Amino acid sequence: MKNLILNEGYQNSKILFDKGIKDKIYIKKKEYIDLSNCAGSLILGHNSKIFKKSIRKYLNSNLSIFAHPNLHAKNFSQTIKKVFPNFSKIIYCNSGTEAVSKALRICRAINGKKKYIVSVSGSWHGSVDQLLFYPEKKMIPTPLSSGTTQQDKKNIIIIPYGDILLSKKILEKKKKNINCLIIEPIQASLPLENSKKYLKFLETYCKQNQIILIFDEIITAIRTKNKSVQNNYKIKPDITIIGKIFGGGLPIGIIGISKKIYTVLQKQKKPVFFGGTFSGNSLSTFLGNEIIKHILGNKKILKNIDNKAKHFESNLNMFIKKNNFDLKIYRYSSILRIVFTKNAIINRIQRDFFESKNTSKIKLFRKYLLKNKIYYPTSGIIFFSSLLSNKSLDYIMRYIKRGFIKYFK
């Protein structure tokens with residue numbers, strides 16, 4: 001039957017997942033070790049005991065979807081507050097993309113006379129029209145998709161991640177008209193171990209110039225040191241966007257706003273609309289609350305995942321160095337990436353430049369892993385789960401090493 005689905009990934013894909021158990025996913029009844037775990041959302045792996053227990057609890061309690069305020073959203077907000085004590089108020093959304101879109105709406109409501117949005121190269125903020133641009137030469141925004149407007153292009157400024165001098169030079173030209181700056185503080189496109197200096201620069205610059213600072217921690221929240229990058233580096237963004245793990249295995253997006261932002265919103269004569277049929281729905285918030293409380297109450301979970309990620313990084317980097325491969329493993333907590341260059345790089349722009357010569361080899365490497373029952377996502381981002389066994393980890397490293405020898409020697 002002809003494929004009717006037009007979403008990216010479906011159109012020509014012969015790989016259709018049918019189920020997932022622990023650290024494996026299944027394609028046509030064949031099992032593969034999963035290095036994606038739903039793009040990092042399933043930190044407890046596929047069909048974990050707590051996930052199944054929470055689903056049964058929800059069903060046995062006769063809970064339902066209401067499209068109205070419910071107790072479970074309120075309870076979940078208290079748990080979120082424990083992870084992000086600087087959140088003054090929380091806004092529930094159905095996805096990360098929706099959360100980004102509504103966050104930008106808040107910024108326009110507050111800084112309406114300022115037109116520019118600053119995006120940081122290498123960050124990904126979902127399918128939001130205003131941010132679907134990447135930098136070409138001289139950091140000129142270029143659309144990632146048809147359907148974006150010329151006005152969107154005129155209103156976005158892109159600065160290079162990690163480069164303080166060039167970032168400041170670009171910002172200085174338009175600083176009086178910059179509405180907000182949005183960034184993935186630690187980027188899956190290049191998960192650098194220490195970007196504190198650059199992030200502190202952005203925090204200070206935004207504060208000095210009345211620019212709203214948005215941290216997109218959809219990937220990093222819970223999974224990283226001290227449960228978030230902002231907690232780890234003691235940075236206080238004005239607005240934070242979280243999701244993925246917080247859905248407990250279901251779709252969710254959450255906006256956390258600071259007291260300063262909430263105070264300004266209260267003073268607005270015109271309201272800002274945040275509604276939606278499934279925003280803060282009881283199923284996602286109930287399940288998310290159960291999962292997050294389980295993780296917070298079992299500190300060994302995150303520690304064990306980090307230890308496995310650290311072992312993966314150090315073991316493979318030692319192998320790479322010994323064999324003088326033009327490769328390097330990058331890691332921040334349990335966010336991992338194989339970068340196909342050993343050149344010292346600080347952002348995705350540089351990564352793409354050096355990796356471009358290896359594009360065909362990278363594709364062959366990915367096919368090789370799939371042939372050997374390892375699903376290595378096309379995004380290149382590796383996320384471990386708590387259910388990744390030592391046996392699976394050893395198997396992964398063994399075949400990645402063989403792949404390095406086969407394609408990159």
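Helices (H or I, at least four residues) and strands (E, at least two) are DSSP runs, numbered from the N terminus. The structure is a predicted model, in which local features need pLDDT of at least 70, side-chain atom pairs count only at pLDDT 80 or more, and totals for chains, interfaces and linings use all residues. Residues are numbered from 1 along each chain as its sequence is written, and side-chain values use heavy atoms, with hydrogens and water left out.

Helix H2 (residues 71–83) and helix H9 (residues 282–297) have axes that come within 8 Å and cross at roughly 35°; axes are lines fitted to C-alpha atoms, for helices over the stretch in contact, and angles run from 0 to 180 degrees between N-to-C directions. Contact (heavy atoms within 4.5 Å) involves, among others, Phe 76 and Val 83 of H2 and Phe 286, Ile 292 and Leu 296 of H9.

An open sheet of mixed pairing has 4 strands in the order S1-S2-S3-S15, where two strands pair if DSSP finds at least two bridges between them. Strand S1 (17–21) and strand S15 (374–375) are the edges; each has a single partner strand, so one side of each lacks a neighbour in the sheet. Strands S2 (residues 24–27) and S3 (residues 30–34) pair antiparallel over 4 bridges, and Ile 27 has Lys 30 in S3 as its bridge partner.

The model has 0 disulfides, a disulfide being a pair of cysteine sulfur atoms within 2.5 Å. For Cys 38, the closest cysteine sulfur is that of Cys 93, 18 Å away and therefore too far for a bond. The sulfur of Cys 93 has its closest cysteine sulfur in Cys 107, at 13 Å, again too far for a bond.
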